[in-house]
Amino acid sequence: MGRDPLIGLVGKPSSGKSTMLNSLTDATAKTGAFPFTTIDPNKATGYLQIDCACARFGLQKHCKPNYGSCRDGKRFVPVMLLDVAGLVPGAHEGRGLGNKFLDDLRHADALIHVVDVSGSTDAEGKATEGYDALQDVEWLRGEILRWIEGNLKEKWGSIKRRHVSTKSTSVATLQNQFSGYGSTTAVVQRCLDRIKLTEPLENWSDQTVHRMVSSFVDEKFPTVLALNKIDHPDSDRCIYRISRKYDPEKIVLTSAISEVFIRKLVKQRFVHYEEGGDDVITKAEDPEDKYHLKEITDERLQMRIDTLRDMLFYRWGSTGVIRALQAAANALHLIPVFSVRNIHNFKNSDTDDAVFKDCTLVKRGTPVESVVRRIMGDIPVAFIEGLGGIRVAMSDTVEEGRNDILCFKLGR
Ligand SMILES: Nc1nc2c(ncn2[C@@H]2O[C@H](COP(=O)(O)OP(=O)(O)OP(=O)(O)O)[C@@H](O)[C@H]2O)c(=O)[nH]1
Ligand SMILES: [Mg+2]
């Protein structure tokens, strides 16, 4: 990953992908209660909440990031979000809008599968009642898998011949095929290790190829489930059925539309709200006028806020959208690395008081050498200092709270 992480929003039509994008970014993507509202992908910047290094040193007041923001030690680091057209069963064969938008997903690092748990839309996104969304979780992954498998199988004969004649390793041959998905040799290696596949590639059966592609999908497109529309009165059944079957770490409950609604109320100054918070504050709850809010005189608006509390905050705790982004970052094992010019005062310049201006998200366990290349490109770096000015070896790795504040000393 040589850039900001790219998180793809996938799901059947009308599951709430574009609403989720709007809820996490400043985008105003078109949304609608009919399938295929989105055709061309929408890309926008969202912000991942992390604990900033400034809080470790009591420097919160001086923290002014180059990108994103930092509020009292809570830092908002940019990540890219991509909202694509809805997938329907058979998409890999061109059904619905077919392969075109599967192609839009190629460069995603992780996926958030937005699942409509209200039961009010069928597999094609059309209005219905009592639909069991557990099916969606299963077929959607199958579509992605068959899309990649289909692309590979089309050329499998010639891939095998070339593999044998050039005496390549399985990793090299597969990386040649998978580089179009933004894969790396490390990803391919992990994909083979995961299923302990050591058999020579030319002998792989169809079943082995299928197993390998399945492992590749898990490795290249780690996916979390955003069970969306939890504000809907009929959502409990689907939530229960999906939660029983899937890893709780990969499941987040969301109401994207509530987050969009609250953000609108915040802009209109009717409520105070902290992103990811467990309630809103209205003027009636702010007697000291700390937040300078407007009084709510419209009864209908007050009723909508009461419903929001009953159906969402008091039942589920939050709109969940920020958690969905966090879960995707966790699935990618992302951690922040702070690069500074001066390792003793964490500043980038003597004339500017700001600390920890630069922060990059990298995979936990990444060698320092890769982090240097990622941040500095071709600029030659002579050596690297960590906390206290102690030298850090290029081969050392970056972990949570270890080697995550670095200073690159230029020169050959
Ligand atoms: N109740 C409820 N409705 C929602 C929620 N999120 C989205 N919706 C509604 O679901 C419908 C579809 O939302 P979109 O965001 O357009 O869905 P999409 O997945 O982008 O749909 P396509 O672009 O057609 O694939 C709209 O009417 C939204 O208002 C939610 O959290 N709760
Ligand atoms: Mg859409």
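How far from an oxygen atom of ligand 1 does a polar side-chain atom of serine 18 lie?

Tutor: The model is predicted, so local features need pLDDT of at least 70 and side-chain atom pairs pLDDT 80 or more, while totals for chains, interfaces and linings use all residues. Residues are numbered from 1 along each chain, chains are lettered from A and ligands numbered from 1 as written, and side-chain values use heavy atoms without hydrogens or water.

The distance for serine 18 is 2.9 Å, from a polar side-chain atom to an oxygen atom of ligand 1. This is a polar contact (N or O atoms within 3.5 Å). Threonine 19 also places a polar side-chain atom by an oxygen atom of ligand 1, at 2.5 Å. Glycine 86 takes part through its backbone: one of its N or O atoms is 3.3 Å from a ligand 1 oxygen. On its own, ligand 1 would expose 650 Å², and the protein buries 89% of this area (Shrake-Rupley, 1.4 Å probe).

The shell around ligand 1 has 23 residues, of which Lys17, Thr19, Phe36, Thr37 and Asp231 come nearest (shell: a heavy atom within 4 Å). By class, seven are nonpolar, twelve polar and four charged, with Gly counted as polar. Two helices, H1 (17-24) and H9 (256-267), each contribute at least two residues to this shell (helices: DSSP H or I runs of at least four residues). The largest share comes from H1, which gives three residues.

H9 passes H10 in a left-handed crossing (near helix turned anticlockwise from the far one by less than a right angle; clockwise is right-handed).

H5 (residues 170-178) packs on H6 (residues 185-194) at about 120 degrees, with the axes 9 Å apart. These helices are therefore oblique to each other, and H5 passes H6 in a right-handed crossing. For H3 (residues 134-153) and H7 (residues 206-220), the axes come within 9 Å and cross at roughly 125 degrees. That angle makes H3 oblique to H7, and the crossing of H3 and H7 is right-handed.

Definitions and conventions: A polar contact is a pair of N or O atoms within 3.5 Å; within protein, one must be able to donate a hydrogen and the other to accept it, and residues adjacent in sequence count only if both atoms are side-chain atoms. Axes are lines fitted to C-alpha atoms, for helices over the stretch in contact, and angles run from 0 to 180 degrees between N-to-C directions. Angles under 35 degrees count as roughly parallel, over 145 as roughly antiparallel, 65 to 115 as roughly perpendicular and the rest as oblique.
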